[in-house]
Every structure is written in C-alpha cells, then in structure tokens.
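Here are my notes on this model, point by point. Please keep the structure open while you read.

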Amino acid sequence: MPARNCSTASVLVARKQAGDNAGNVSQARRIVRCIATFVAIVLSISTPLAYAQSGQSAAAADQSTDVQQLRKEVNELRESLRRVEAMLEKKENETTAAAAPSAAVQPATPATPRATQAQTAPSTPQSVEEQGLPQYTARSTNADVAMATKAHGGDLSGSGDLLRTERVTLGGYGDFQFRTPSLNERADGGGSSTFQSTRFVLGVAAVLSQKQNITFNSEIEYELGTSEIDVEQAFVSWRVRPEFDFRGGIIVPPLGHFNTYHDSNINITTLRPLINQYIVPTAYRDAGIGARGVFRLPNEMKISYEADVLNGMQALNADGEPTPFSRLVGQSSAAEPGLIAFQATRNSKAVAGRIGFSPILGLEFGISGYNGTFTASGDPTKSANIIFFDASYQHGPLILNGEYGRSNIVGGGTPRQSPVPPLVNPADPLSVAALGTYVAQTTPGQDGFYVESGYKFFNGLFKNHERFDEGAYVMPVVRIESIRRDRTLSNFYLNEFRTTLGVNVAPSPNVIFKLNYIVNHAFGKVPDLLGAINGGEFGIDPIPFRDYGKNGFTGSVAYVF
C-alpha cells in the first residue's frame with residue numbers, strides 16, 4: 001500500500017510539472033507570434049513609404065535597394081521564428097507524453113521490497129499501536145504486516161516483521177552466557193563456573209496466501225552448545241479476521257506472559273524466571289490446534305482469548321526417566337519435543353487457554369490455565385492442573401512485568417501433603433540415596449511468582465551517542481521472585497527466594513550485554529554434599545550440586561536479527 005501511494009504521488013507531481021512546462025511553452029509561442037506580427041506591421045508600413053519617395057530624388061534608387069534588403073531579412077527572420085515555434089511544439093508534445101502514467105504505475109503496481117522501502121520511502125514515525133508491544137492484546141495494527149515479531153505482539157522470532165508482500169523471511173535470536181558455580185537454569189549446569197552457548201534459535205516464516213492471510217511460522221532451536229536440536233514451533237495460521245485466528249502444528253500455548261514472550265532480546269535478565277523453569281517448562285511447546293483473537297472495545301480497551309487442544313505433557317523425559325513433575329525438576333522435562341510431536345501415549349488430550357484484558361494501551365492483565373493427564377495408557381492416572389495470573393505494563397522506557405503460577409498434581413497415589421524430607425548424613429551413602437529418591441518423587445504441587453522492572457535511558461549516557469544506533473540504551477533491571485517446588489513443605493531447601501540486580505547495555509536494539517548479580521536464599525538447610533550430579537540416573541545421584549543456594553554472578557550477550 002505505501003508503494004502504491006508513493007507511485008500515485010509521483011504521477012501527480014509529474015503531471016503538475018508537465019502542466020507548468022506546457023504553460024511555459026504556450027507563453028513562448030505567444031511571444032513568437034507577437035514578434036512575427038510586429039515585423040509584418042513594420043514591413044507593411046515601410047514598403048509604401050519607400051515607393052512614394054522613389055521619384056522625388058536621385059537617392060530613391062539606393063533607398064529602394066535598402067528596402068528590398070530589409071524585406072529579405074524580415075522573411076528570413078519569419079522563417080526562423082517558424083522553426084522556433086515548431087521546436088516548441090515538439091517539446092510540448094514530449095513533455096505531455098512523459099507525464100502520462102505508464103502501465104507500471106497503474107493501480108496494479110507491485111509493492112516495493114522492504115529493503116528498498118527503507119531506503120527510498122520517507123520515514124514516518126509509527127504510533128505505539130501500529131508498531132505493537134510484547135503483549136497478547138498489543139499486536140501490531142499495521143495493515144501491511146502479515147506476522148509481527150514477538151517484540152511487536154506476534155509470533156515471529158527476529159527483528160523484522162513478515163510483510164504481506166513477502167514470500168519468506170528469516171530471523172532469529174540467541175544468547176551466550178557466563179555463570180558462576182551457584183547458578184543454573186532448569187536442571188542444566190551448576191557446580192562450576194562456565195561459559196555456555198545457551199541457545200540459538202532460527203526462525204523461518206512465510207506467507208502462504210496473501211488474500212486469505214494464511215501464514216507459516218517455525219523455530220529451530222540449537223540449545224546447550226547444539227547438544228539439543230529441537231523444533232520449538234512449526235504451525236500454519238489462518239487469520240480470518242483479528243477476532244478469529246485458527247492455527248495448528250507445534251505451537252507455544254499461552255500459559256502466562258513469559259512462556260510466549262521469552263526470547264532473549266525480550267527477557268530483561270540473563271536467566272529465566274524460576275516459575276518458567278519448573279512450573280511451566282519455558283518454552284513449553286506442544287502439538288495441537290487452537291483458536292485465538294482480539295476484540296476491540298470502546299475507549300481503546302481490548303479483550304484477547306486463546307483456546308488450544310494439545311497432546312499434553314508427558315510423565316517421562318526423552319531418556320525414558322520418570323523425572324517430570326518431581327520435586328527436583330518439576331515440569332522442566334515434561335514437554336520434550338520429540339515426544340509431544342511424535343505419538344501421544346494416551347487417547348485423552350490436554351487443554352490450555354488464556355483470557356486477557358487491556359484497559360489502556362500498554363497495560364494488560366491475563367489469566368491462563370492448563371489441564372491434562374500426563375501418564376501413559378495403562379499406568380495409574382496422574383493429571384496436572386496449572387493456573388497463571390500475569391500482568392505487564394510498558395510505556396515508553398518503563399517495563400514492568402509480574403506473574404503468579406500454581407500447579408496441582410493429582411491421582412496415582414500422590415499424597416496431598418508431602419512427608420518430611422529424610423535427614424542426610426554426607427558420610428552415610430544410604431541417607432544420601434534416600435534423599436535422591438525423595439526429590440525424584442512426584443510433587444503434590446508447586447507455586448511461585450516474580451516481579452521485574454527495567455527503565456531504559458536513551459540519551460546522555462554515551463560520550464558520543466551519535467556513534468551508536470538509534471534505539472541504543474542503558475537499562476538497570478531488578479527481579480524479585482520465589483518458588484516452592486513442593487508447596488506443601490515450609491522448610492525445604494529446594495524452595496527458594498531470589499533477587500536479581502543488573503544492568504543491560506544495548507549499543508543497538510539488536511544486541512544487548514547483560515550483567516546480573518543474583519542473591520539466593522533457600523527456605524531450608526542445604527545438605528552439605530560433595531560433588532555434583534554426574535554419571536548416574538538423574539535424581540538418584542547426590543542432590544544438590546556444590547554451591548547450590550549461594551549468591552553468584554551471571555552475564556550474557558543476547559542478540560536478535
């Protein structure tokens with residue numbers, strides 16, 4: 001649409017210029033005619049006078065010769081004026097032909113490619129609503145966008161939206177981390193200082209039908225130094241209208257806010273929130289179908305919805321170990337992509353959904369839930385119920401997010417109140433084994449929350465800000481969070497409270513350097529066990545790893561392209 005408007009404007013300008021040129025040519029022609037008329041009048045007057053005087057004196061003959069010479073010169077001047085007039089007419093015809101719109105500028109003008117638009121089209125600032133925010137109700141309203149990035153409220157990973165006129169687009173994000181011995185993410189790492197290529201995600205999206213607004217979106221994730229390669233998303237979306245969008249494939253269900261908007265360039269700290277490591281295994285993806293949409297209400301209010309039918313979380317991890325829903329790792333291994341996308345182990349399906357409300361642009365509240373059986377057919381039935389409350393606010397440089405999550409595991413003999421953890425003697429292998437067995441058992445349920453905030457300072461922080469890209473910033477951040485991996489226990493060392501303080505430096509919106517100091521507090525005495533989790537069945541080896549529960553530093557380089 002912008003390309004067509006630019007072409008129309010160009011035609012109007014060309015026509016105006018042509019009109020101006022035609023006016024100039026007409027004026028020149030009138031001047032030529034006036035000169036010719038004046039010469040003719042002079043000639044008509046001078047000729048009779050010359051003949052009247054020819055018989056009065058001897059000089060008449062010489063004067064007659066002068067008159068003839070003058071007549072010859074006038075005729076030559078008249079011929080020259082005719083040639084000038086012909087040249088002006090030719091110039092007028094060429095100008096009119098150049099101003100006429102060609103077939104390439106008619107209404108069927110193809111849209112200019114995105115890269116060319118960025119170079120030739122005048123930069124017009126978009127409103128926040130047109131650009132979008134990382135919220136369910138704040139998707140980009142730009143009519144030229146087929147799929148917005150997650151930073152603009154859509155599904156696409158990367159820094160550029162998928163336009164309706166594009167066939168395929170590539171994007172992605174990633175981060176590279178450093179962590180001290182006391183820090184890990186999910187059940188990965190811990191016990192030693194390390195550099196880690198945590199994740200690299202490549203996104204591929206395409207427009208399958210421009211008129212029907214049918215798109216394809218996918219993400220391929222290389223995690224933990226390529227030790228894991230997963231398909232995080234791969235679905236087809238048919239957006240019939242803003243109020244109804246059907247999709248099917250491998251999708252990310254809307255459990256809370258962070259599970260959907262979890263990309264490294266959107267996460268304001270290095271590590272992910274604890275509730276998104278153990279209650280919802282972010283990024284929790286599943287195979288299924290669903291519908292979603294956004295309704296506009298009076299006074300710029302909006303309501304969003306999404307409902308999905310899924311294969312559901314699993315009771316075994318990819319190695320066949322019964323670690324999901326345990327006190328140790330929670331749901332962090334309950335949705336391995338190779339399992340949920342290949343073949344369901346039961347006939348019953350899980351359901352997930354979310355309702356969101358935005359009273360003003362930039363402020364959103366949501367409630368979401370999940371219910372599904374996770375044991376295989378023939379095994380004692382166990383099911384998980386998960387509920388999330390989330391809120392987010394983004395206005396200018398201010399970012400404020402918060403979530404509360406709670407899970408309830410029922411069935412299969414799971415007690416409603418967990419027994420007291422066994423006492424551990426580091427010198428007694430039997431007591432250490434008993435602790436390993438205890439933390440590997442199914443938890444009755446978990447709960448937790450986080451609140452985080454950041455403020456972007458754009459100007460005056462760099463000595464020469466002209467050397468940095470537009471949108472560069474420095475942002476101090478803080479996150480306060482807590483999780484109980486077994487919420488029925490009040491004095492359990494795997495229940496913890498954490499405070500993260502940090503600063504983000506972004507010389508460009510596409511690359512962010514993060515540095516965090518993390519203060520940990522365990523709700524129970526951490527067993528003084530040597531060594532880390534190595535070499536055996538997970539959950540049976542000594543728990544926890546060395547330095548668990550202590551404070552530490554972490555940093556990362558996050559990027560998006």
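1. Phenylalanine 492 is buried, at 1% relative accessibility. This is a predicted model, so read every value below as computed from it. The ring of phenylalanine 492 pairs with that of tyrosine 438. Their centres are 6.1 Å apart and their planes stand at 80°, so the pair is edge-to-face. Tyrosine 438 lies in helix H7 (residues 429–440), while phenylalanine 492 sits in the loop between strand S15 (473–484) and strand S16 (496–508). The two are 54 residues apart, and the pair links distant parts of the chain. Tyrosine 438 is buried too, because its relative accessibility is 5%, under the 20% cut-off.

2. Which residues form one aromatic cluster? They are Tyr438, Phe492, Tyr493 and Tyr548.

3. The whole structure has 14 aromatic pairs. One of them joins phenylalanine 176 and phenylalanine 195. This pair is stacked, with 6.1 Å centre to centre and 10° between the planes. Phenylalanine 176 belongs to strand S3 (residues 168–179) and phenylalanine 195 to strand S4 (residues 194–209), so the pair ties together parts that are 19 residues apart in sequence. Phenylalanine 176 is partly exposed, at 39% relative accessibility. Phenylalanine 195 is exposed, at 61%.

4. The charged end of lysine 456 sits over the ring of tyrosine 473, 4.6 Å from its centre. The charged end of arginine 485 sits over the ring of tyrosine 278, at 4.1 Å from the ring centre.

5. Now the salt bridges; the structure holds 19. Look at lysine 150. Lysine 150 bridges to glutamate 219, with the closest N and O atoms 2.8 Å apart. Here lysine 150 is in the loop between strand S1 (145–147) and strand S2 (162–163), and glutamate 219 is in strand S5 (residues 214–223). They are 69 residues apart. Is this lysine buried or exposed? Lysine 150 is buried, at 2% relative accessibility. Glutamate 219 is also buried, at 0%.

6. Lysine 150 also forms a salt bridge with aspartate 263, where the closest N and O atoms are 3.0 Å apart. Aspartate 263 lies in the loop between strand S7 (244–251) and helix H5 (275–278), and lysine 150 in the loop between S1 and S2, so the pair ties together parts that are 113 residues apart in sequence. Aspartate 263 counts as buried, at 2% relative accessibility.

7. Glutamate 496 and arginine 498 form a salt bridge, with the closest N and O atoms 3.9 Å apart. Both residues are buried. Elsewhere, salt bridges that share partners join Asp175, Glu185, Arg199, Glu221, Asp230 and Arg285 into one network.

8. Turn to the surface. A nonpolar patch is formed by Phe295, Leu297, Ile303, Ile355, Phe357, Phe365, Ile367, Ile387 and Phe389. Together they have about 720 Å² of accessible area. Strand S10 (350–360), strand S11 (363–373) and strand S12 (382–395) each supply at least two residues of the patch. Phenylalanine 389 is in strand S12 and is partly exposed, with a relative accessible area of 41%.

9. Last, the overall picture. The protein chain has seven helices and 18 strands. Buried residues make up 46% of its 561 residues. Among contacts between residues at least 6 apart in sequence, 63% join residues at least 24 apart. The accessible surface of the chain is about 27,100 Å², and carbon and sulfur atoms account for 60% of this.

Conventions: Residues numbered from 1 in each chain as written. Predicted model: local features only at pLDDT ≥ 70, side-chain atom pairs only at ≥ 80, totals over all residues. Heavy atoms only, no water. Helix = DSSP H or I, 4+ residues; strand = E, 2+ residues; numbered from the N terminus. Buried < 20%, exposed > 50% of the residue type's maximum accessible area, 1.4 Å probe, protein only. Contact = heavy atoms within 4.5 Å. Areas by Shrake-Rupley, 256 points an atom, 1.4 Å probe, with all protein chains shown as cover. Patch = residues over 30% accessible without salt bridge, like charges linked within 9 Å, V, L, I, M, F, W, Y side chains within 5 Å. Salt bridge = Lys/Arg side-chain N within 4 Å of Asp/Glu carboxyl O. Phe/Tyr/Trp six-rings, centres within 6.5 Å; stacked < 30°, edge-to-face > 60°. Lys NZ or Arg CZ within 6 Å of the ring centre and 35° of its normal.
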